[in-house]
Amino acid sequence: LSTLRLASEDVVEYHAEVFDNDAVTGPKSAVSETFTLRLPSIDEVFADLDKGHEEARETLTDALKQAEEAKKEMDELSRELKKPQQKLTGEEQKKAEEITRRYQEIQKKLNDVQQTVDRMMNEMQKNNVLSQETLAKYQELQQVMEQMQSPEFAEAMKRLQDAMQRMTPEAMKQALQQFSFSDDQLRKRIERTLNLLKNIQI
């Protein structure tokens, strides 16, 4: 389609036609139904980008709120584990499971935002609708989003889950301590990503 030099709101109708290689009675053909392709208008492109931008902001805001709540729960569990005990209580086990569940939800939200940002980048580059400055900001945004998918955070999450299986307070304390550092880094990156999004004007 690139050779057609299409512009916004252009409409193209197309179909496929195939021939066989019947050497006896001669080639025969078959034609598909006709399809219609309409390129979106500039207003439609901007509306779609604006919608994705707002969805990403809302999802990140919710992820940051969840991360702050999870941090409080993690700090509370760390304080409880300072008491001398031989194994985790049922309540402590439940809190650890809740913390893990929260962070899994946060990770899913971050994955959703990254997919939205990637889609928006593709749309902007395909339609050539934004300035180089704005595209550069989105490229920076993509880089920060990739940093949030750090192997260190995944490893810290795995240690926390392993400690839950072992049911020992000491293992859980060590896992929480290591996870706390990764959590701090994650929240800072979410905040930075959110600030970047707020500073980008569609």
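**View 1. Asn-195 in helix α5 of the predicted model**. Asn-195 lies in helix α5, and this residue is partly exposed, its relative accessible area being 42%. Although 79 residues along the chain lie between the positions of Asn-195 and Thr-116, their C-alpha atoms are separated by 17 Å.

**View 2. Glu-155 in helix α4**. Glu-155, which has its place in helix α4, is partly exposed, with a relative accessible area of 35%. From C-alpha to C-alpha, Glu-155 and Gln-115 are 23 Å apart in space, while in sequence they are 40 residues apart.

**View 3. The crossing of α2 and α4**. The axes of these two helices, α2 and α4, come within 10 Å and cross at roughly 155°; because angles over 145 degrees count as roughly antiparallel, α2 is described as roughly antiparallel to α4. The crossing of α2 and α4 is left-handed. On the α2 side the contact is made by Gln-93, Ala-96, Glu-97, Ile-99, Thr-100, Tyr-103, Gln-104 and Gln-107, and on the α4 side by Phe-153, Met-157, Leu-160, Gln-161 and Met-164. Sorted by class, the residues of this contact are seven nonpolar, five polar and one charged.

**View 4. The largest nonpolar core, with Tyr-103 and Met-172**. This core has 45 residues, and those with the most contacts inside it are Tyr-103 and Met-172. At least two residues of the core are supplied by each of α1 (42–80), α2 (90–127), α3 (132–148), α4 (151–166) and α5 (169–199).

**View 5. The surroundings of Met-172**. Leaving aside residues up to four places away in sequence, Met-172 touches Leu-81, Leu-88, Ala-96, Leu-160, Ala-163 and Met-164.

Key
Residues are numbered from 1 along each chain as its sequence is written. This is a predicted model: local features need pLDDT of at least 70, side-chain atom pairs count only at pLDDT 80 or more; totals for chains, interfaces and linings use all residues. Side-chain values use heavy atoms; hydrogens and water are left out. A nonpolar core is a set of buried Ala, Val, Leu, Ile, Met, Phe, Trp, Tyr and Cys residues joined through side-chain atoms within 4.5 Å. Buried means under 20% relative accessible area, exposed over 50%, partly exposed in between (1.4 Å probe, protein chains only). Helices (H or I, at least four residues) and strands (E, at least two) are DSSP runs, numbered from the N terminus. Contact means heavy atoms within 4.5 Å. Axes are lines fitted to C-alpha atoms, for helices over the stretch in contact, and angles run from 0 to 180 degrees between N-to-C directions. Angles under 35 degrees count as roughly parallel, over 145 as roughly antiparallel, 65 to 115 as roughly perpendicular and the rest as oblique. A crossing is left-handed if the near helix is turned anticlockwise from the far one by less than a right angle, and right-handed if clockwise. Ala, Val, Leu, Ile, Met, Phe, Trp, Tyr, Cys and Pro count as nonpolar, Asp, Glu, Lys and Arg as charged, and the others, Gly among them, as polar.
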